[in-house]
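I opened my notebook to look up a few things in this structure. My entries follow in the order I made them.

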Amino acid sequence: MTETLKLLALAAVQGLTEFLPVSSSGHLALAQKFFGVEAPGTRLALMLHAGTLATVLVFYRRRVAWLVTSVLRGRADGFRYAGCVLLSMLPAGVAFALFRDSVESMTARPRVVGALLLFNAFLLFFFGATARTKRSGSAATPWRAFAMGFGQAFAVLPGISRSGTSIGVGRLAGAGPAQAAEFSFIMSVPVIAGGVLLEV
């Protein structure tokens, strides 16, 4: 298999797993090992995440457009939402800066990735069992945004789902399922964009 086909295969893995709570980073790490792609794990993952970024922007284009126009017009609700997004970024930014090298080394160890994938399954079971109550609260509050940011920070580990963990934490904090899901993907936009720009 040529290098181009290998990278296309990895892109397919990314596309199939990104919007499922199964950890695209963990599956990418295992697929990278399987196909023998010798490239820096985080750099390759971030570049593949550029496609994810484009998809999120298209799927949530109305929310993103509302957010941008609200901030430009000086609306208080827009600033509150944007502030919550920025607040959610802090834990992930700190985690990435402090543990980047350690995460890089984990991506090259299939057993570690496999163990984290199993732990991710446990987390999803836990979130599903403890967040069955019908809630409809907004995720865009300082407390819920910061809590979801911690879930996102924990997901720097290859094998832990970013969306699954952040949505689960948001549900535990009182957000509704649709609200938590939307905010989880909106809050990923600046993190993914910043990571891609940093690598570039």
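**Surface patch**

I started with a nonpolar patch on the surface, formed by Phe119, Phe122, Phe126, Phe154 and Leu172, with about 450 Å² of accessible area together. Patch members need over 30% relative accessible area and no salt bridge; like charges are joined within 9 Å, and nonpolar side chains (Val, Leu, Ile, Met, Phe, Trp, Tyr) within 5 Å. Areas come from the Shrake-Rupley method with a 1.4 Å probe, and for residues only the protein chains shown count as cover. Which helix gives the most to the nonpolar patch? I found helix 6 (residues 110-130), with 3 residues. Phe154 sits in helix 7 (residues 142-154). Phe154 is partly exposed, at 34% relative accessible area. I noted the cut-offs: buried is under 20%, exposed is over 50%, and partly exposed is in between (1.4 Å probe, protein chains only).

**Where the model comes from**

I noted that this is a predicted model: local features need pLDDT of at least 70, side-chain atom pairs count only at pLDDT 80 or more, and totals for chains, interfaces and linings use all residues. Residues are numbered from 1 along each chain as its sequence is written, and side-chain values use heavy atoms, with hydrogens and water left out.

**Whole chain**

I looked up 9 helices and 0 strands in the chain. Both are DSSP runs numbered from the N terminus: helices are H or I with at least four residues, strands are E with at least two. Buried residues make up 44% of the 200 residues.

**Helix 1**

Helix 1 covers residues 3-17 and has 15 residues. In helix 1, I listed Lys6, Ala9, Leu10, Val13, Gln14 and Thr17 as buried. They cover an arc of only 145° around the axis, which puts them on the same side of helix 1. The arc is that of the directions from the helix axis to the C-beta atoms. The face turned away carries the exposed residues Thr4, Leu8, Gly15 and Leu16.

**Salt bridges**

How many salt bridges does a search of the whole structure find? I got 2. The term means a side-chain nitrogen of Lys or Arg within 4 Å of a carboxyl oxygen of Asp or Glu. Arg63 pairs with Glu182, with the closest N and O atoms 3.1 Å apart. Arg63 lies in helix 4 (residues 61-72) and Glu182 in helix 9 (residues 177-199), so the pair ties together parts 119 residues apart in sequence. Asp77 and Arg75 form a salt bridge at 2.8 Å, N to O. Asp77 is partly exposed at 25% relative accessible area, and Arg75 is partly exposed at 37%.

Technical notes. Expected span 1.5 Å × (residues − 1).
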